[in-house]
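Student: I would like to learn how to read a few features of a protein model. Please take them in turn.

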Amino acid sequence: MMTIHMNIIQTTGFAVIIAIIGSLIQQRVSILRRLTIPAPVVGGVIFAIVHTILRMTGVLQFEFDQTLQEFFQTLFFTTVGFTASVQMLRNSGAQATKMLILTVVLIICQNLLAVGIANIVNIPKPLALLMGSSSMVGGPGTTGAVAPSIADLGYSSALTVGFAAATFGIAVGSLIGGPFATWKIKSKNIVTSNKTIDENQFKDNIDALDGSNDRISGSHMINMFMLILAVTFFGTYLTQFFNYLLSFVISSVQLPSYLGSALLAFAIRNISDHTSRFSIRMDEINTISSLVLEIFLAIALLNLQLWELANVGIPMLIILFTQVLFIFLFANFIVIPILGLSYDSIVTTTGLLGYGLGASYNAVASMSEVTHRHGNASTSAVIIPLATSIFADFVNVIVIYTFLGIIS
């Protein structure tokens, strides 16, 4: 069988081409737009199907240089660290704080559920952990970051299992939010809003909370990119120091290389919130974040090996459907009672169903669907961006690696 080897430049270029193809397909297929599945995932899954067919028929296989995957992954999680502002959270009010605490509880419960069912369905616990908060709350980004650590423990199918779970979560997360909100509104006779619908309310609130209402500046973009690179330099040494300390407690698990960079970025962001000597330009940071995430996912998905799902398919579906049932019960019996039964709390809970199974864009899509029918929910437009952009990814990674250290 012929093998095509791609070097670091060819791999990156090919990954971007696959992402572009995914974007073109996404624009032309309405269900993909409605499910808000990221373009790199669309292109990556299609390529994985083609690659699987070629490989299984003995025609052709590909081998890729994954060197830049870790680089772009580290850049992405460094930008995540810059979004975690304690001052923003403190100024956001009690409801946002409640939602953030509920998100942390959800993260822990999703991992407990996945690991708890692992023995019942006869699947290794580290592999089952990829069907917990890494793929549910975390989505493709966190999954792609965590999977290599699990693969290093001897589970070669980790990346494929993780991305399959994340794709499942995105699809289901974008489907159940609207029906849930409609059911609660009708069954409880909730008075909805008659405010004018603002289609951009959620995005606008993210911009406002980040203080990023100015136009993107080329010079500031360069400065922020240079800052991110500098933070990654010092951050990698910080991770090595943490791993050295961890080796005295748990020698089998190493923290991901990007964790130190994310922590350092978090510290810098929160120092900048209390001084006028320098500022973090969140417009530029968010733009860089979107770019590096796209490239990171595109490269990671080139190694999606669908043939490895054969041995975990049924157990994986059992765990994932259990996660769907759990988050529905969690939303209905815990989240809404804590937030209070109102239109705003229902819309906010709809957002939680979106990002709790998929990602922040699922939350935006689900809430937009509800507010388009029933009117604006301004409180939700503030709370959900806070819950999804502040600390959630940050805390998620720490919780996941804590679980991994315990079960491995």
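**The cavity**

Tutor: Phe-77, Val-80, Tyr-258, Leu-259, Ala-262, Asp-393, Phe-394 and Val-397 line the largest cavity. On a 1 Å grid over the protein atoms alone, a cavity is a set of points where a 1.4 Å probe fits but cannot get out, and lining residues have an atom within 4 Å of a point. This is a predicted model, in which local features need pLDDT of at least 70 and side-chain atom pairs count only at pLDDT 80 or more, while totals for chains, interfaces and linings use all residues. Residues are numbered from 1 along each chain as its sequence is written, and side-chain values use heavy atoms, with hydrogens and water left out.

Student: What is the volume of the largest cavity?

Tutor: About 40 Å³, where a volume is the space filled by probe spheres set on the points.

Student: Which helix gives the most to the lining?

Tutor: Helix 18, with 3 residues. Helices are DSSP runs (H or I, at least four residues), numbered from the N terminus.

**Two helices**

Student: How are two packed helices described?

Tutor: By the angle between their axes and the distance between the axes. Here the axes of helix 1 (residues 8–28) and helix 3 (residues 39–56) come within 7 Å and cross at roughly 105°. Axes are lines fitted to C-alpha atoms over the stretch in contact, with angles from 0 to 180 degrees between N-to-C directions. Helix 1 is therefore roughly perpendicular to helix 3, a term for angles of 65 to 115 degrees.

**Aromatic rings**

Student: What describes a pair of aromatic rings?

Tutor: The distance of the centres and the angle of the planes. The whole structure has 18 aromatic pairs, counted for rings of Phe, Tyr and Trp (its six-membered ring) with centres within 6.5 Å. The centres of Phe-168 and Phe-321 are 5.2 Å apart and their planes are at 80°, so this pair is edge-to-face (planes over 60 degrees apart). Phe-168 lies in helix 9 and Phe-321 in helix 14, 153 residues apart.

Definitions and conventions
Helix = DSSP H or I, 4+ residues; strand = E, 2+ residues; numbered from the N terminus. Parallel < 35°, antiparallel > 145°, perpendicular 65-115°, else oblique. 1 Å grid on protein atoms, 1.4 Å probe; cavity = no way out; pocket = protein on both sides within 12 Å on 5 of 7 lines; lining within 4 Å. Phe/Tyr/Trp six-rings, centres within 6.5 Å; stacked < 30°, edge-to-face > 60°.
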